[in-house]
Each structure stands twice: as C-alpha cells, then as structure tokens.
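Hi everyone, thanks for making time this morning.

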Amino acid sequence: MERFLRYILWFLLPALLLVSTYVILDPFRVLWPIGDERSSYIASSDDYYGVERYLKNKSLGYQYNTFLFGNSKVMAYQEEAVCWGDLNCRFYNFGAPGESLLNIKKKIELIQAKGDDIKKAYIILDHKILMNERNKHPNFQGPVYEHHPLVSDNSWISFHAAFLQYYLKDAFLVSHLVHKLGGTWHEWMKGHFADPNKFKFNPYDIVTNQVSNENKEAFPDKRFRSQKSISIPELTIGQKEKLKRLAELIHNLNGKVWVIIGPTSTQRNVSEKLLEDLVAIFGKDRVLVAKNKLELEEGLWYDDSHYSNLWGNIMLKSLRRSNNQKP
Amino acid sequence: MLFNSIEFLIFLPFFFFIYWEFRRSLKTQNSFTLAASYIFYGWWDYRFLGLIFLSSLCDYLVGLGLDKQSSKLNRKILLFTSLSMNLGLIGVFKYYDFFISELGQLLNSFGLQANLSTLNLILPVGISFYTFQTLSYSIDVYNKKMPTCKDPIAFFSYVAYFPQLVAGPIERASNLIPQFQKPRKFEYAEGVKGLKQILWGLVKKVVIADTCAGHVDYIFSNHETLPASILILGAIYFAFQIYGDFSGYSDIAIGTSRLFGIRLMRNFAYPYFSRDIAEFWRRWHISLSTWFRDYVYIPLGGSRMGKLGSLRNIFIIFLVSGFWHGANWTFIAWGGLNALFFLPLFLLDLNRKNTSEIVAEGHHIPTLKEFMQMGITFTLTCFAWIFFRAESISHAMLYIENIFDQSILQSPGDPNLSITPIILLSFFVPLEWLFRQREVSLEALRTPRVFRFAFYYLLIYLIIQFSGDQIDFIYFQF
C-alpha cells in the first residue's frame with residue numbers, strides 16, 4: 001500500500017503544485033473572503049460577488065428593503081431611480097449575468113432567511129432570463145455566468161470544481177502564470193484576461209452593489225452595434241408557474257413587486273398575450289413596458305446590449321411616472 | 001454520482017482509505033462497502049434505494065429458502081418468486097407505459113376507444129443491471145451451481161457494489177459473492193492497473209464519447225437537410241460515442257474495483273476490431289451477452305435443437321437483448337438486425353471461427369483480408385446503430401433513406417460541425433489498435449517511466465480540456 005501511495009504521490013506532484021498555485025493566487029477571487037473591489041481584469045462571477053457582498057453587509061448590520069433582480073441588464077438602473085425620493089428605501093442590486101428565474105427565487109428565499117423585508121422588488125425581465133432554464137443555456141457558459149451555490153442548484157463542490165477547471169483549461173493557466181512571473185501582458189493573453197494596465201474598474205458601491213457604467217473605457221473592445229430585434233415569446237406553462245411563485249414569495253413578505261420589461265437592443269416587441277399573462281400574475285399596475293426605445297443615440301448605451309446608467313435611470317423614472325407613481 | 005464528476009473524485013479516495021483501514025475485519029469492510037454503495041446510488045435519487053433493497057432482500061430470502069427446501073415444487077415456487085419480483089420491477093418501471101400505449105394504439109386501430117392511462121414513472125438508474133445480477137444468483141442457487149450466501153452483508157454488498165451498480169458489468173454471483181466472503185489484500189500491481197484503466201476509461205468517455213455526442217445529436221436532429229456524407233459520419237460518430245461511453249464506464253468500474261481488491265469481469269474486448277458479427281458479439285457488452293447465453297439461450301436448448309430450433313433461439317436472444325435496452329421498437333429492430341447479420345454465419349457454420357485470438361495477433365498491421373472483414377463488420381454495426389440511436393423506426397428509416405437519396409460525394413462541410421471528432425478519432429483508433437492485445441489498454445505502453453507519465457499527463461490534460469457539463473452515461477437509461 002505504501003508503495004502504491006508513493007506512486008500516486010509522485011505522479012500527482014506536478015498536478016498538486018498547479019492546484020496549489022490556484023489556491024494561492026485565487027485568480028477568480030472565489031476562494032478567499034471578498035474584498036471591496038468588485039471588477040478585476042480577470043472576469044469572474046458577479047453573482048458570487050453580489051451574494052457574498054450581501055452576506056457580508058448583513059453581518060455588518062445593514063438592513064435592506066428594496067431589491068432589484070435580473071440579469072446583467074440591471075446595471076442600467078441605480079438607487080436614485082429605484083428609490084426615487086423614498087427616504088426609507090434601503091436598496092440592494094441583486095442582479096447578475098446569466099440570471100434565471102430559479103436564481104431570483106433562491107435570492108428571495110435567501111433575503112427571507114436573512115431577515116430582510118422586501119418592501120419593493122423590481123424584476124427586470126427579458127427573453128434571456130425566461131429561456132435560461134437552470135443556468136444550463138449554452139449562451140451562458142464561462143466564469144462570468146457561474147452562480148453562487150446559495151442561489152442556484154450548484155453545489156459548493158461543483159462551483160469550485162468549475163473554477164478550477166477554468167483555471168486549467170484553454171491555456172488560461174499558462175497565460176496567468178507567464179503574466180504573474182514575467183509581469184508583462186501579451187496580446188495572446190487577450191482571450192483569457194484584459195491588460196491590467198489598461199483595464200479600468202467600473203466604480204461600484206459596496207452598500208448597494210450597484211455599478212456605475214458611465215466609464216466607457218472599462219471594456220474598450222465593447223462598442224455599440226445595432227442588432228436585430230427579437231420578440232419575447234409567450235410564456236410557457238413552466239415559466240408562468242415560476243413567475244407566480246416569485247410573486248407569491250414577495251407577497252408573502254408583504255412586499256410589492258414590479259416587473260419591468262426591457263427594452264434592450266435585441267428586443268422591443270412585446271406581444272399582447274405576454275402582457276396579459278404578466279398582468280394576470282403580478283397585477284394591472286405592476287407591469288411596466290418600455291417599448292420601441294431602440295432608436296437611441298449611441299451615447300446612451302454602455303455597450304451593444306446594455307444601457308448606460310444615465311438612460312436607465314431616465315427610463316425607469318419615466319416608466320414609473322407614466323404608471324402614475326410619484327416620487 | 002457520475003464517474004466523471006468532481007463528487008466521485010472526492011468520494012473515491014475517501015472510500016479507498018477507509019475501506020483499507022477496515023481490512024482486518026471483513027464484516028466491517030463489507031458493511032462500509034454497502035453503506036458507501038447506497039450513498040453512491042442515493043446521490044442520484046435516494047427514493048429508489050428501496051427498490052435495490054427490496055430486490056436484494058427478495059433474492060437473499062429466496063436463496064435461504066432454496067437452501068432448506070428439497071421439494072422440487074417448493075424450489076420452483078421460490079425461483080418463480082424471484083423471477084416475478086425482479087422481472088416485475090423491470091416490467092413496471094421500464095415497460096408498463098410502453099405496453100399500455102402500444103395496446104391503446106392497437107385497440108384504436110380496430111376502432112375501439114380504450115381509456116388506458118400510463119404511469120409516467122421515472123426509470124430508476126441501473127434497474128436492468130442489478131435485477132439481472134440478483135436473478136443470476138437465484139437461478140444459480142436453484143440449479144445448484146453455487147451455494148446459498150448466508151451472510152446478508154456480503155449478499156447485499158454483492159447486489160449494490162457501487163462500481164458496477166448502475167451500468168455493469170452484470171456480475172455473476174458465482175464470481176462476486178465469494179470475493180465478498182474472503183479477506184481482500186491490496187496488491188500494488190492491481191492498484192496501478194486499476195488507475196490506468198480508470199484513466200483510459202475517462203478518456204473514452206469525456207474526450208471521445210462526449211465530443212461525438214454533440215455532433216451526433218445535431219446530425220440525427222437535422223438529418224433531413226444534411227447531405228449523405230454527413231449522415232454517414234453521424235452513424236460512425238454514434239458508433240464511437242456509444243463505445244466510448246459504455247466501454248469507458250466499464251473500464252472505470254473495473255479499474256475502480258481493482259483498487260479494492262475485487263475483480264470484475266471484462267465487458268469489452270475491442271469490439272470494432274472484430275472480423276465478423278459473431279466475434280463482435282463476443283467482444284461487445286460481454287457480461288450481458290453471456291448472461292443471455294447462460295440464462296436464456298442454453299435453457300431454451302441452445303444449439304442442441306437442430307438448425308431450426310437453434311435459429312429460433314438465436315432470434316429470441318437477439319430480440320430480447322434489444323428489448324432489454326429500452327421500451328422502444330427501435331431497440332427490437334436493432335436486435336433483429338443483428339440476428340439477421342448473424343444468420344449467414346450460423347447457417348454456414350462460421351460463427352465460431354474467430355473465437356480466441358485477436359485480429360492480426362503479433363503483427364502491427366492486418367492483412368488485406370482482415371482489414372476488409374473488419375470494415376464490413378464495422379459497416380454492418382454502424383447500420384444497426386442507426387436504429388439504436390433513432391427516436392423511432394420511421395426516424396431511422398428516413399435517416400437511412402436520406403443516406404441513399406442524396407449525393408454521397410457532397411462535401412461534409414457544415415458550420416455547425418467541427419473537425420474535432422475526426423482528429424480525435426484519428427488518434428484514438430490507432431491507439432486502440434496498438435492496445436488491442438491487452439485487457440488494460442494502457443498496460444501496452446512499454447516505454448521508460450518518464451515517457452509514460454508524460455503520456456498520462458497528456459491524457460489528463462485532454463480530459464480537463466474536453467470536460468464541460470457532465471453528460472450522463474448512455475447506459476444509465478437501460
């Protein structure tokens with residue numbers, strides 16, 4: 001047996017060394033307690049950071065009562081527009097890239113478990129959230145789309161295994177180690193991470209978890225390209241059931257929930273049937289639809305599928321005003 | 001728990017160390033094996049553990065009963081109890097809905113409106129494997145081919161032994177139970193062999209089978225719009241997908257078991273290097289083929305029934321074997337086709353021609369004749385696989401029709417398909433050819449340790465590179 005264990009040890013030694021570099025360097029920042037910086041030149045899970053931030057803030061005594069849910073599109077909306085003069089509003093942005101209805105449901109359950117009330121909740125809905133069944137959609141693969149185990153059906157083991165795999169896969173490891181040891185960024189590393197010297201952080205608020213996206217240089221390669229518009233399909237029975245469950249969960253907490261539909265660059269057509277279904281689930285005045293807002297000047301976009309904060313906030317206020325809500 | 005999951009990577013060493021810690025007490029070691037096997041299975045769905053327990057309990061009690069009974073009638077009743085219990089379980093969970101919907105359609109075709117409702121039951125993983133395993137015990141004890149196992153822990157461990165619980169090899173009680181009844185000793189050579197077998201099994205599953213899987217799904221879903229050349233590729237890819245998937249699973253199962261000092265039977269012996277269909281069936285899913293041979297074909301009279309009776313028996317085992325794979329006419333058609341391919345060999349007494357040695361033994365390359373024989377056998381096999389993979393008989397027929405309808409010379413280029421499987425197979429097939437004389441493929445490497453380790457690392461790198469979402473093993477559904 002000893003000889004066998006020695007054999008394995010010798011064989012696995014290089015692998016153990018590589019894994020130890022991962023543990024020490026923690027390139028995706030998912031192993032060690034989170035710091036105050038959110039963005040990094042190495043893309044990682046926003047969801048992990050958002051949930052960890054929330055838990056950390058809760059342990060520091062923060063109370064929240066107003067939440068924003070949705071995928072990366074939520075970056076457009078900020079506290080100013082969401083709270084809109086409500087002095088008792090304690091806002092937290094709980095959106096994350098590649099979000100699904102399952103993630104939102106689990107986040108509401110987490111909020112409940114942590115003792116926060118949900119006075120108001122805004123769900124930014126689009127076709128990508130609806131079609132993203134259990135985070136398995138092929139368009140949502142990669143570290144950015146990994147979800148925190150507490151708000152997904154990921155186990156901690158599979159969550160960490162996924163990141164270890166990203167580290168070892170597609171020559172990320174080689175790029176990362178060469179960069180760490182040599183200190184220089186090369187063009188061939190572009191597929192794995194941005195040039196740290198040129199990378200600009202998106203300022204983010206540690207209390208609300210909201211991101212300021214007015215900084216156009218954060219992702220210099222991303223720019224506006226017009227895209228074909230897509231209609232949001234009608235709700236399936238499964239989607240209706242999940243949305244009903246979300247509404248119930250929030251109502252049980254005596255909260256009010258609004259559903260806001262886009263728009264994004266890739267969608268603007270909302271069918272009457274979809275609206276009817278959403279109204280039946282959430283209530284007449286709770287579905288806000290921004291239609292035909294595609295023809296915007298480029299300056300109001302953050303990139304080709306996300307609004308800037310400026311436009312997001314204007315639009316949200318305008319929607320709420322048209323819905324007879326007052327500041 | 002899947003063999004290609006991170007959970008198993010943690011479970012295996014954990015189990016290994018504790019298992020050998022208990023080496024001084026056989027009872028404790030077996031109890032621990034049983035508990036770990038139930039955890040392994042329960043990881044998928046703990047509710048179905050009851051079925052394994054029920055099946056094990058029934059056959060354990062039947063075994064004890066057979067030991068005490070000398071009356072022929074009583075012994076028959078006991079055997080019947082075991083058969084009805086195990087076949088009843090498979091019948092309800094696997095075939096009930098199929099028969100009900102087929103019966104409904106049949107009655108409808110006669111203008112009778114039947115209100116038959118299906119149960120829509122989830123098929124418990126591995127039910128066809130462990131029920132066949134327990135059945136073999138009851139039949140062997142009934143036929144007095146083996147003694148009754150009176151140790152319940154050893155017996156329950158035999159049924160639930162995790163490496164082969166959900167997808168085989170379907171072990172014989174006479175091989176496995178005695179191993180649970182005597183102390184095991186760790187052997188270095190077996191341990192190393194086991195690791196090599198696990199590694200090669202993972203390569204087959206993650207690199208070969210899973211890479212082919214995406215292409216196969218695309219081709220079989222879009223066969224109406226794709227050229228014949230791609231449809232042929234689709235059938236070939238599926239042949240390697242199912243081989244990589246299932247033989248990969250068997251390799252991991254057998255290799256894992258070697259780490260615990262328990263030898264499982266060989267399940268695959270390089271079947272695609274067979275020179276005829278009869279040889280293919282001696283090399284493919286050996287544990288199932290021999291199960292049907294011993295418990296269906298021979299009791300039916302085997303080859304002692306004259307040509308006509310033997311032919312009937314051959315068709316029965318091929319059709320039953322097809323149906324064992326699933327409640328769909330496609331599997332029956334697949335079994336029937338293989339019986340038809342087997343038929344000429346049987347009639348010409350050529351079915352026992354290539355029984356022992358592997359093709360081109362002691363040579364690096366096959367003769368032209370051997371090459372042609374292997375080519376023809378592989379082509380026939382791929383043709384039959386189309387039925388196995390298709391959703392329905394009409395789907396398979398359309399697929400085949402499209403192969404012959406469209407230009408075979410049209411370029412197989414399609415933006416949704418990559419060249420990766422072809423590149424991988426162009427390395428994999430020659431490697432399998434080099435390994436073909438060894439039961440444990442990687443044992444064939446006779447280079448200095450540094451080169452061997454470098455090769456193993458390359459394989460591990462490929463496994464990491466090609467691993468994405470864990471894809472279930474195909475044979476879990478059977």
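How many helices and how many strands does chain B have? Chain B has 18 helices and zero strands, where helices (H or I, at least four residues) and strands (E, at least two) are DSSP runs, numbered from the N terminus.

Some housekeeping before we go on. This is a predicted model, in which local features need pLDDT of at least 70 and side-chain atom pairs count only at pLDDT 80 or more, while totals for chains, interfaces and linings use all residues. Residues are numbered from 1 along each chain as its sequence is written, chains are lettered from A and ligands numbered from 1 in the order in which they are written, and side-chain values use heavy atoms, with hydrogens and water left out.

Let's stay with chain B as a whole. The radius of gyration, taken over C-alpha atoms, is compared here with a globule rule of 2.2 Å times the number of residues to the power 0.38. For 478 residues a compact globule would come out near 23 Å, and chain B has 23 Å, so the two agree. The C-alpha trace spans about 70 × 70 × 45 Å along its principal axes.

Buried residues account for 56% of the 478 in chain B; buried means under 20% relative accessible area, exposed over 50%, and partly exposed in between, with a 1.4 Å probe and protein chains only. Now contacts, meaning heavy atoms within 4.5 Å. Taking the contacts in chain B with a separation of 6 or more, 76% join residues 24 or more positions apart.

As for charge, chain B carries 39 positive and 33 negative side chains, and the centres of the two sets are 12 Å apart. Lys and Arg count as positive and Asp and Glu as negative, leaving out His and the chain ends, and each charge is placed at NZ of Lys, CZ of Arg, CG of Asp or CD of Glu.

Next, the interior. A nonpolar core is a set of buried Ala, Val, Leu, Ile, Met, Phe, Trp, Tyr and Cys residues joined through side-chain atoms within 4.5 Å. Which residues have the most contacts inside the largest nonpolar core? They are Phe260(B), Tyr272(B) and Trp385(B), in a core of 153 residues. Helix H10 of chain B, residues 228-259, gives this core its largest share, 15 residues. Apart from it lies another core of 36 residues, including Ile123(A) and Leu243(A). Going back to Tyr272(B), and leaving aside neighbours within four places in sequence, its contacts include Phe240(B), Trp284(B), Phe378(B) and Trp385(B).

Glu279(B) sits in helix H11, residues 277-283. Is Glu279(B) buried or exposed? Glu279(B) is buried, because its relative accessible area is 1%. Beyond neighbours within four places in sequence, Glu279(B) is in contact with Phe273(B), Ser274(B), Asn354(B) and Glu357(B).

His285(B) lies in the loop between H11 and helix H12 (286-297). Its phi is near 40 degrees, a positive value in a residue other than glycine. At 1% relative accessibility, His285(B) counts as buried.

For contrast in setting, Ile316(B) belongs to helix H13, residues 306-324, and is partly exposed, with a relative accessible area of 30%. Leaving out neighbours within four places in sequence, Ile316(B) has contacts with Val296(B) and Leu300(B).

Finally, chain A. Its secondary structure comes to ten helices and nine strands. Of its 327 residues, 51% are buried. Chain A exposes about 15,700 Å², with 55% supplied by carbon and sulfur atoms.

One residue to look at there is Trp84(A), in the loop between helix H3 (79-83) and strand S2 (91-93) of chain A. Trp84(A) has a positive phi of about 45 degrees, although it is not a glycine, and it counts as buried at 8% relative accessibility.

That's my tour, so over to you for discussion.

Note on methods. Areas by Shrake-Rupley, 256 points an atom, 1.4 Å probe, with all protein chains shown as cover.
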